[in-house]
Structure formats: C-alpha cells, structure tokens
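Visitor: I would like to learn how to read a model like this one, feature by feature. Could you take me through it slowly?

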Amino acid sequence: GLKRQDSAALEAAIRRYSGYVAAVIGNQLGSFAAGEDIEELASDVFVALWQAGRTLQTEHLRGWLGRVARNQAISFLRKQRLQLAAQTLLEAQERSDLLRRALAGLSEEDRELFLRRYYYNQTAEQIAQEKHMNANTFRSRLARGRQALKAELQKGAIQIEDLCAESV
C-alpha cells in the first residue's frame with residue numbers, strides 16, 4: 001500500500017506505529033521532551049514515510065521508522081543547542097557592550113584602575129604602588145567607580161556583582 005502511496009496504508013501505519021515513534025522520540029529528547037515537540041517530530045516521521053513511499057526499500061517498517069524518529073530527534077536537539085549557544089553568545093555580547101559603555105562613562109584614570117584590577121587581575125597594592133597612590137585611596141576610588149558602574153549597568157538590568165565580584 002505505501003509503495004503505491006495509498007493514504008489508507010499511511011493511516012494504518014500511523015495507527016500502528018505512532019506510539020512507538022513517539023516513544024523513540026521521547027527517549028531521545030529526554031528532559032527536553034515537550035508534548036508538542038514530540039507530536040510535531042512524530043508527524044515529520046510519517047511525512048518522511050509518505051515521501052519515501054515508492055522508494056522504501058524495507059520490509060522492516062518498524063526499524064525504518066525508529067531510525068528516522070531517532071534522527072529527527074537528534075536534529076531537533078542539535079538545533080535547540082545551537083539556538084541556546086547563539087542566545088548565550090548574544091547575551092554575553094550585550095553584557096560586554098553595556099559594560100564598555102558604562103566604563104566609557106568613567107574618567108580615564110578610573111577606567112585604567114578598573115581595567116587593571118578586574119581585567120588584568122592586578123592586586124590593589126600592586127596598582128597603588130605603580131600609580132604612586134595610597135592603597136586605601138585606590139580602594140575608595142574603586143568603590144566610587146563601582147557605584148557609578150552599578151548605576152549605569154542597572155539601567156540594562158545587569159548586576160555589577162556578576163561582572164566584578166570582590167569584597168572590599
């Protein structure tokens with residue numbers, strides 16, 4: 001029936017194997033399994049069966065459906081992971097842009113102090129010594145700079161503690 005693209009044969013295959021196909025997809029998706037995703041992927045499997053009808057080279061329909069279902073689920077997961085990775089990169093870029101704009105609002109000297117401390121990880125004592133400053137003066141300038149940055153970053157709903165965690 002399927003090789004002649006008989007719709008009754010397709011309906012019979014759907015009735016017989018839809019539970020199996022859904023189970024294969026659900027097992028592949030694991031914790032990512034949402035009911036509507038499983039349904040959509042299962043219908044994609046039966047569309048593939050319909051399209052393969054004339055050229056289907058198997059007497060083992062269950063095995064063929066299982067392979068197609070597994071491949072559909074793996075493709076779906078790969079796309080989900082790529083979208084998640086892209087979203088994460090985009091968010092990191094947005095944070096980076098916001099931080100760059102906030103840093104631009106500091107004086108040149110304060111910006112240098114910030115970069116030395118949080119980007120180059122120099123100690124407060126090291127920076128104070130190189131800049132010929134008292135270490136306490138350096139710490140209070142850093143604290144004022146953090147307050148200014150905090151105000152700017154909160155406009156973009158980013159907590160400064162996420163960017164430069166340090167107890168002073």
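Predicted model: local features only at pLDDT ≥ 70, side-chain atom pairs only at ≥ 80, totals over all residues.

Visitor: What does the side chain of R141 make a polar contact with?

Guide: A polar contact is a pair of N or O atoms within 3.5 Å; within protein, one must be able to donate a hydrogen and the other to accept it, and residues adjacent in sequence count only if both atoms are side-chain atoms. Here the partner is the side chain of E109, at 3.4 Å. If residues up to four places away in sequence are set aside, R141 touches E109, D110, L113 and M133, a contact being heavy atoms within 4.5 Å.

Visitor: Where is the place of R141, and how many helices does the protein chain have?

Guide: R141 sits in helix α6, residues 135–155, and the protein chain has seven helices and zero strands. Helices (H or I, at least four residues) and strands (E, at least two) are DSSP runs, numbered from the N terminus. Of the 168 residues of the protein chain, 32% count as buried.

Visitor: How should I read the packing of two helices?

Guide: Two packed helices are described by the angle between their axes and the distance between the axes. Axes are lines fitted to C-alpha atoms, for helices over the stretch in contact, and angles run from 0 to 180 degrees between N-to-C directions. In this model the axes of α4 and α6 come within 10 Å and cross at roughly 100°, and the two helices are therefore roughly perpendicular to each other. On the α4 side the contact includes E109, D110 and L113, and on the α6 side it includes F138, R141 and L142. The residues of this contact divide into six nonpolar, one polar and five charged, where Ala, Val, Leu, Ile, Met, Phe, Trp, Tyr, Cys and Pro count as nonpolar, Asp, Glu, Lys and Arg as charged, and the others, Gly among them, as polar.

Visitor: At what angle do helix α1 and helix α2 pack?

Guide: Helix α1 (residues 7–29) and helix α2 (residues 35–52) pack at about 135°, with their axes 8 Å apart. That makes α1 oblique to α2, since angles under 35 degrees count as roughly parallel, over 145 as roughly antiparallel, 65 to 115 as roughly perpendicular and the rest as oblique. The residues of the contact of α1 with α2 divide into 15 nonpolar, three polar and no charged.

Visitor: Which value of phi does N121 have?

Guide: Most residues other than glycine have a negative phi, and most peptide bonds are trans. N121 has a positive phi of about 55° although it is not a glycine, and it lies in the loop between α4 (108–119) and α5 (124–130). H132, also not a glycine, has a positive phi near 55°, and its place is the loop between α5 and α6.

Visitor: Are N121 and H132 buried or exposed?

Guide: N121 is exposed, with a relative accessible area of 58%, and H132 is exposed as well, at 76%.

Note on methods. Residues numbered from 1 in each chain as written. Heavy atoms only, no water. Buried < 20%, exposed > 50% of the residue type's maximum accessible area, 1.4 Å probe, protein only.
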